[in-house]
Amino acid sequence: MATQEEITTRVTALVVDHLGVDANDVTPTASFIDDLGADSLDIVELVMAFEEEFGVEIPDDAAEKISTVGDAVSYISEHQAG
Amino acid sequence: MRRVVVTGLGLVTPLGADVETAWKNIIAAKSGAGTITRFDATDFQSNYACEVKGPDHEYGFDPGKRVDHKIQRQVDPFIVYGIDAAGQAIEDAGLLDMDEATRFRAGCSIGSGIGGLPGIESESLVLAEKGPKRVSPHFVHGRLINLISGQVSIKYGLMGPNHAVVTACSTGAHSIGDAARMIAMDDADIMLAGGSESTVCPIGIAGFGQARALSTGFRDDPTKASRPWDQGRDGFVMGEGAGVVVLEEYEHAKARGAKIYAEVVGYGLSGDAYHVTAPHPEGSGAFRSMQMAVKKSGLALSDIDYINAHGTSTPLGDELELGAVRRLFGSDIGSLSMSSTKSAIGHLLGGAGAVESIFCILALRDQIVPPTLNLDNPSENCAGVDLVPHKAKERKVKAVLNNSFGFGGTNASLVMKAV
């Protein structure tokens, strides 16, 4: 089981790689769309990356509720395998 | 008719990712060919190509210079090359700060022969191995041919005609010709026009290899493989890259004091109506394409000083093109020079016509014509034609002709002249 901190680090790395943003801007309250310049398709791609990275399944209705970095970390933390 | 001039240039090639570097290396008779590094091609029909080099190379390409990190991840390399070449051209033309009224009259015509083949290949493997829910949401618009024009229009706010030609290896020349007509017909005052390609990937090399189009016999020294008109030629060498020009209505360019490289005076188009891959046995389409371009230009055949040939280094095509040139130009062939820069950078497919048109424009600017590399033993019927073997040649260059011919039997020729 990855700790909340480990999840945050790995989520941050994925967000930096996918969106080309500065790691310092990837804070728990940062909104993917409003703060990090993502569009709806970028979020689809990020959710896919989270699923691959953490071995979790994020159904579409759950993915729609993930709007901040913190939302993603919480969801992964609650649903990770093992 | 409104006149159309060239006011900006941009290049991404295997011999340099900016205009001056690429041109300097072309004139210095360097070759961009080498063993394929993008993937292990050992077991392929051909294991060499002219690749665009990475940012750490002496004349490599840094995609981060003009293309956002996010876009680089989402789109195929041909789009990245195209955006960068378009950016170079717009910077060169001094048009980075166009007002809104100008941008309403500025458009894009940047095409590709094949489009995002590497991405189609890799995402197909993702689909097969991991299923549909793992295919990138950016898959479609990261591979589409018109997405260079789309991306460039968004990046620079160009709201005029947004067009993309797909005519295989004639794409680059058709793109420039069509865009020039849009300006002549008053649809736009400024057009970014050109072509791009990047298909150095397993399915690309395998596909062209199976079509028996690629050179295969020079694994020991790939720099010798592209040898147009030479008796030892055995197919084309795959290249990659992009060329984009800024076309502008003459009075518009003059009014803002723009640097004018050349005027696009003639454009010819034709179809072979013969075979999907083989050229017409009498070069009929090539002949009519060149004839139309020269006729439209109002120039005499004797005014054409330099021809940048399609000249791909295939056994059939090179001599048929030369035969068509010979029939069209008659005795005037003795006073022109004709070379193939594919000998140096390989065949850029949809990018070729645009990149080679830029070399034509630089020949006009510098009064020097680029060489045909590896032309050690010209084929018999090359006698009496200056094919500029091995070394660049300083000479008078007042008007130039560029030829591009593509699969499907599609032909385009452009005539440009000094202003």
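Me: How many residues does the contact take from chain A and from chain B?
Reply: This structure is a predicted model, in which local features need pLDDT of at least 70, side-chain atom pairs count only at pLDDT 80 or more, and totals for chains, interfaces and linings use all residues. Residues are numbered from 1 along each chain as its sequence is written, chains are lettered from A and ligands numbered from 1 in the order in which they are written, and side-chain values use heavy atoms, with hydrogens and water left out. Contact means heavy atoms within 4.5 Å. On that basis chain A gives 16 residues and chain B gives twelve residues.

Me: Which three residues supply 40% of the area that chain A buries against chain B?
Reply: Buried area is the accessible area (1.4 Å probe) that two parts lose on being put together, summed over both. Between chain A and chain B this area is about 1,200 Å², and carbon and sulfur atoms give 44% of it. The three residues that supply more than any other three on the chain A side are Glu45(A), Met48(A) and Glu52(A).

Me: Which helix gives the most to the side of chain A that touches chain B?
Reply: Helices (H or I, at least four residues) and strands (E, at least two) are DSSP runs, numbered from the N terminus. On this side of chain A, α1 (4–19) and α2 (40–54) each supply at least two residues. With seven residues, the greatest contribution comes from α2(A).

Me: Why does the salt bridge between Asp17(A) and Arg73(B) join two chains?
Reply: The closest N and O atoms of Asp17(A) and Arg73(B) are 3.5 Å apart. Asp17(A) lies in helix α1 of chain A and Arg73(B) in helix α2 (residues 69–74) of chain B, so the pair joins two chains.

Me: In which sense do strand β8 and strand β14 of chain B pair?
Reply: Two strands pair if DSSP finds at least two bridges between them. Both strands belong to an open sheet of ten strands in chain B, with the order β5-β4-β6-β7-β1-β8-β14-β13-β9-β10. Within β14(B), Ser413(B) stands opposite Gly268(B). Over eight bridges, β8 (residues 262–271) and β14 (residues 410–417) of chain B pair in the sense called antiparallel.

How values were computed
Salt bridge = Lys/Arg side-chain N within 4 Å of Asp/Glu carboxyl O.
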